[in-house]
Amino acid sequence: MYFGRAYFSEKMLGQGNEGPSLSPAVKKILAIVPAFNECGNIGRTVEEILKTAHGVDILVIDDGSWDSTAEEARQAGGMVVSLPFNLGIGAAVQTGFQYAQRHHYDIAVQIDGDGQHDASFLDKIVGPIRRDEADLVVGSRFLEKTGGFQSSFGRRVGINFFVHLINALTGVKVSDPTSGFRAYNKKMIALFSEYYPHDFPEPEAIVVTQQAAGRIVEVPVVMRKRGAGSSSIRYFKTLYYMAKVTLAILLHMIRQRRYEA
């Protein structure tokens, strides 16, 4: 199912952008930017991508915001899909995959709308896919000592928990499984346009990729503190997040084993 309405113009498609280009070997790249009430952040995020990566189309999925997120994104030069109401991060990102699939993009890059992800790392994120070394690339703030924002203590506990859980269940070790700074090739675009985890999707998406025999590669990136506003995962919600995602991962693996039986 495809949600929302899209707004297009030549400027929105990045024409005339004078920033440095990603590899000419890549024909079409879509930056998927989910955003919910990110007024004050989203405009700067879109502008940074436009300055950093020439030829990358930017699709902001306005997930039912009640502020001026959609208008700010359009004014900054992004395409916008406005969802009818808040459907959650999973539905927002899946809308981006569906758009990428429908419009035949070679690579999709997921980047948060809150300013935490540094768009100057876009070329590094897409590099392993461009070289056909990966199907999913995860930008990790923990892979190397690169500095930058390392998240709160509570969030780091949750991240470490998922590192060990995913490794125990799948044999895959990803140092930053909650990172939303990612790149996907056509295989993963097609897969996730059909199914993408709904709530707090990033750890489960790694498991889904592994179950689909996808190649997962991490690259080191630097992340920043979010700009305006606050994270949706705070305090006691971290424990709820850990429990819910763990259950979702286990249920996915059980269903997968039944299909293979």
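Which residue just after H4 takes a positive phi? Asp132 does, at about 60 degrees.

1. Basis. This is a predicted model, in which local features need pLDDT of at least 70, side-chain atom pairs count only at pLDDT 80 or more, and totals for chains, interfaces and linings use all residues. Residues are numbered from 1 along each chain as its sequence is written, and side-chain values use heavy atoms, with hydrogens and water left out.

2. Overall make-up. The protein has eight helices and eight strands; helices (H or I, at least four residues) and strands (E, at least two) are DSSP runs, numbered from the N terminus. Of its 261 residues, 54% are buried, where buried means under 20% relative accessible area with a 1.4 Å probe, protein chains only. Contact means heavy atoms within 4.5 Å. Among contacts between residues at least 6 apart in sequence, 79% join residues at least 24 apart.

3. Helix H4. This helix covers residues 122-130, and its buried residues are Leu122, Ile125, Val126, Gly127, Pro128 and Ile129. The cover over these buried residues includes helix H1 (42-52) and the strands E5 (107-110), E6 (136-140), E7 (182-184) and E8 (216-220).

4. H1 against H2. Two packed helices are described by the angle between their axes and the distance between the axes. H1 and helix H2 (residues 69-76) pack at an angle of about 25 degrees, with axes 8 Å apart. That makes H1 roughly parallel to H2, a term for angles under 35 degrees. The axes are lines fitted to C-alpha atoms over the stretch in contact, and angles run from 0 to 180 degrees between N-to-C directions. On the H1 side, Ile42, Gly43, Val46, Glu47 and Leu50 meet Thr69, Glu72, Ala73 and Ala76 of H2.

5. Asn37. This residue sits in the loop between strand E2 (29-35) and H1. Not counting residues up to four places away in sequence, Asn37 touches Ser65, Trp66, Asp67 and Thr69. A polar atom of the Asn37 side chain lies 3.4 Å from the backbone nitrogen of Asp67.

6. Pro197. The loop between helix H6 (186-194) and helix H7 (202-211) holds Pro197. Why does Pro197 count as buried? Because its relative accessibility is 0%. Leaving aside neighbours within four places in sequence, Pro197 is in contact with Gly90, Glu204 and Ala205. Pro197 and Ala91 are 106 residues apart in sequence, and 8.1 Å apart in space, C-alpha to C-alpha.

Methods:
Buried means under 20% relative accessible area, exposed over 50%, partly exposed in between (1.4 Å probe, protein chains only). A polar contact is a pair of N or O atoms within 3.5 Å; within protein, one must be able to donate a hydrogen and the other to accept it, and residues adjacent in sequence count only if both atoms are side-chain atoms. Angles under 35 degrees count as roughly parallel, over 145 as roughly antiparallel, 65 to 115 as roughly perpendicular and the rest as oblique.
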